[in-house]
Amino acid sequence: MTPTAVSVIVPAYHEDQGIGRVLDRLIDAITLDFEVLVVVDDEEDPTVAAVREHVPDDPRVRTLVNTYGRGPANAIRYGIDAARHPVVVVTMADGSDDPRMIDPLSRLVERGVVVAAASRYSPGGQQVGGPILKGMLSRTAGRTLGTFARVGTDDATNSFKAFDTDFVREVGIHSRSGFEIGLELTAKARRLRRPVAELPTIWLDRTVGESSFDLRGWIPKYLRWYRFAFGPELTVEQVRAEGARIAARNDRRGRP
């Protein structure tokens, strides 16, 4: 059997201080055939120069300038649309995720799951550092979704996941802001009754730079995707229609 290949999507915003270390860890850890797509919002982002300086001659690492709109959701959408491989993994540019998980997560997708989650909240997993309130809300959401909605993971809100590229393109990504894409796609998989699996991981808070995560803006948007995970089986067309409706409500709330 031909080993699977993986496209690693790294949304980045002014991550020039730490991106070199993150790339080194990715390149050292992944044994599968891979590409790394560092996606920024504009050419002037200093991350672009930092990547070019750090890995000038590695064709596996590319920097893409997102044209779908600003923000991590659009960067992730752009990266997935540009991905060349049958498995895509989304990981953060701040070094909080363990790149050694990319191989086993990708193998799970190769075996047939459409979403393979790196779980901080399953046995053997851990979250080290980070805002206390954010961690409590994330843990509560993840575990209740895992127990009562049976989504297949106790950490649906973690962005660090591997996806079947064809599945993502089939159901579409409707989120346009924040990092709710991981929750969105997990909820869609559940409503379609597609398989989701998880592996424990240890998440470490960033040591370079500051997070721009907006907790107040995050809660209502995540709650809509949270509620969507509950309910009867839907068709792909119904999932896409519901996804568009939720995204439209989230977009209206995000406007000034």
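Predicted model: local features only at pLDDT ≥ 70, side-chain atom pairs only at ≥ 80, totals over all residues.
1. Helix packing. Helix H1 spans residues 19-29 and helix H2 spans residues 46-54. The two pack with their axes 9 Å apart, at an angle of about 50 degrees. Angles from 65 to 115 degrees would count as roughly perpendicular and those under 35 as roughly parallel; H1 and H2 are therefore oblique to each other. The crossing in which H1 passes H2 is right-handed.

2. Residues at the helix contact. On the H1 side, the contact is made by Ile 19, Gly 20, Leu 23 and Asp 24. Their counterparts in H2 are Thr 47, Ala 50, Val 51 and His 54. Sorted by class, this contact of H1 with H2 comprises 4 nonpolar, 3 polar and 1 charged residues.

3. Cavities. The structure contains 2 cavities of 30 Å³ or more. The volume of the largest cavity is about 60 Å³.

4. Lining of the largest cavity. Val 22, Arg 25 and Leu 26 are among the residues that line the largest cavity, and helix H1 covers residues 19-29. The lining also includes Thr 91, Met 92, Gly 95, Asp 97 and Pro 99. By class, 4 nonpolar, 2 polar and 2 charged residues make up this lining. Arg 25 and Asp 97 both belong to the lining, and Arg and Asp count as charged.

How values were computed:
Residues numbered from 1 in each chain as written. Heavy atoms only, no water. Axes fitted to C-alpha atoms, helices over the stretch in contact; angles between N-to-C directions. Helix = DSSP H or I, 4+ residues; strand = E, 2+ residues; numbered from the N terminus. Parallel < 35°, antiparallel > 145°, perpendicular 65-115°, else oblique. Left-handed = near helix turned anticlockwise from the far one by under 90°. Contact = heavy atoms within 4.5 Å. 1 Å grid on protein atoms, 1.4 Å probe; cavity = no way out; pocket = protein on both sides within 12 Å on 5 of 7 lines; lining within 4 Å. Points joined across faces, edges and corners; volume = space filled by probe spheres on them.
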